Amino acid sequence: MPWAYNWDGQIRLDLNGNPIRTLDGAQQGKPSMTDIDRQVTNIRTNLSYDIFSGHRLSVNHVFYSVARKDKNLLIKDGNTGINSSNDLAKNVISFNYEAQTLNNKLTTNLFYKIYQQSIGSNIFRSIIENDQTVIVKDEMKDNRTNTGYGLAASYRLFDRVILLASAERAVRMPVDMETFGSPEDNVLANPGISPEISNNYNAGFRLGTYQFDNHKISLGTNVFWRNTKDRIMPKANELINNQEIELTQYINLGLSQSVGFEGELTYAHKDNLTVMFNFSKFNSLFKQEFDESTGQKMTYYNKQIPNEPFYTMNGNVHYRLDNLIQKSSQLNLFYNIGYVAPFSTVWPDSEWFVTPAQYAQNLGMSYVFPSKKIILALDVKNVFNAEIYDNFGVQKPGRGLYLKLNYSINNI
């Protein structure tokens, strides 16, 4: 029978205790063996000119393209065997004016960006015409152009006190995985996905580094406000039973808003011990009040967006020992603990689909041999085998040990 199964081989049950069927008789749909050929090009160029002391103009250009051919080896489409051929190219040109004024206390960066993206998709499929199999090509082309701009500033209030602020109209173009899908990650294609446009505002400060004898300490914090249109994100489930379907697709959410704050504290003793703690807490609300096509009020207006951890904390400790075992050697010890607060994985309020609080702890060490060419590293992930989940509530692997040996042939 076409049942869905858990990792332990048991049949999945719905909230009423009934077995869950899969679509098309398979866990992930119809059988497939996908071969994907990607050809990626990435070029970056930069040109800057100092007008006079403390004032600089610069132009940056980024070109990225991917040519991709997807082939299901279990389906033969004519002699080519190609099921789809997709191309995505992106150009980003930015103009920057940087200035240092008020005796170098005030640093400003005014920028303007032009985004251009072209998308081409050809899907080959078989149809029966006059009792013969005919290969048909569905073709789609799209060209997009958007602009972004903003201003970032920092002001040195005192010697070790810096105020920070920025405002930006940011644009994020969809990448090839979000546009053409990713079979290896169970992501469906969405060639019509639109760019994400966001108005972002940030304000914060940085204190330090303050030094007392062999002790160093620094502190930084930031508050932010982001209003986003057509936010790109994996589709969240509106029906609880759909949580069992393991395929996802990137979509444009509509209007959303995030308001929050984050901070980081760092302490160091000599050059041996470093302790760092950071946190991030925010809300991420769905802000589209009415459906544009029907005019009806949206069900989840002003609700926290699911599949997004909104409160996290991390702590890191690094200790270095020199000349241990061998002269000129270096032993590095690491410890990390991370906390993720409970968050929902579906739109409806349901205690069944809320991840529990997560505490992940990792240990690690690396030994650098005197020649500096050989590094031996050992990592123990999730030391206490805690229950850890991804953003969709799927449990991650438990405790893991990783041993790595690096050898540098030559330093360039």
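Gly-338 is found in strand β15 of this predicted model, in which helices (H or I, at least four residues) and strands (E, at least two) are DSSP runs numbered from the N terminus. At 12% relative accessibility, Gly-338 counts as buried, the term buried standing for under 20% relative accessible area, exposed for over 50% and partly exposed for values in between (1.4 Å probe, protein chains only). Not counting residues up to four places away in sequence, Gly-338 touches Met-313, Asn-314, Gln-358, Tyr-359 and Ala-360, where contact means heavy atoms within 4.5 Å. Gln-358 is 20 residues from Gly-338 in sequence, and the two C-alpha atoms are 7.8 Å apart in space.

Residues are numbered from 1 along each chain as its sequence is written, and side-chain values use heavy atoms, with hydrogens and water left out. Because the model is predicted, local features need pLDDT of at least 70 and side-chain atom pairs count only at pLDDT 80 or more, while totals for chains, interfaces and linings use all residues.

The secondary structure of the chain comes to 1 helix and 18 strands, and the C-alpha trace spans about 85 × 55 × 55 Å along its principal axes. Of the 412 residues, 30% are buried, and the chain exposes about 25500 Å², of which carbon and sulfur atoms supply 55%; accessible areas come from the Shrake-Rupley method with a 1.4 Å probe, and for residues only the protein chains shown count as cover. Among contacts between residues at least 6 apart in sequence, 58% join residues at least 24 apart. The pLDDT, which is the predictor's confidence in each residue from 0 to 100, averages 89 over the chain, with 92% of the residues scoring at least 70.

Leaving aside neighbours within four places in sequence, Leu-253 is in contact with Asp-230, Arg-231, Met-233, Phe-286, Gln-288, Ile-305 and Trp-347. Elsewhere, Asp-70 in strand β2 (residues 55-72) is buried, with a relative accessible area of 10%.

On the surface, Leu-157, Phe-158, Leu-163, Phe-205, Phe-212, Ile-217, Leu-219, Leu-265 and Phe-277 form a nonpolar patch with about 770 Å² of accessible area together. The elements that give two or more residues to this patch are β5 (132-158), β8 (196-212) and β9 (215-229). Phe-158, found in strand β5, counts as exposed at 55% relative accessibility.

Several backbone features also deserve mention. Most residues other than glycine have a negative phi, and most peptide bonds are trans. The peptide bond from Gly-208 to Thr-209 is cis, with omega near 15°, and Thr-209 has its place in strand β8. Ser-328, in the loop between β14 (311-322) and β15 (330-340), has a positive phi near 70° and counts as partly exposed at 38% relative accessibility. A positive phi, near 65°, is also found at Lys-372, which lies in the loop between β16 (358-368) and β17 (374-381) and is partly exposed at 44% relative accessibility.

Methods:
Patch = residues over 30% accessible without salt bridge, like charges linked within 9 Å, V, L, I, M, F, W, Y side chains within 5 Å. Salt bridge = Lys/Arg side-chain N within 4 Å of Asp/Glu carboxyl O.
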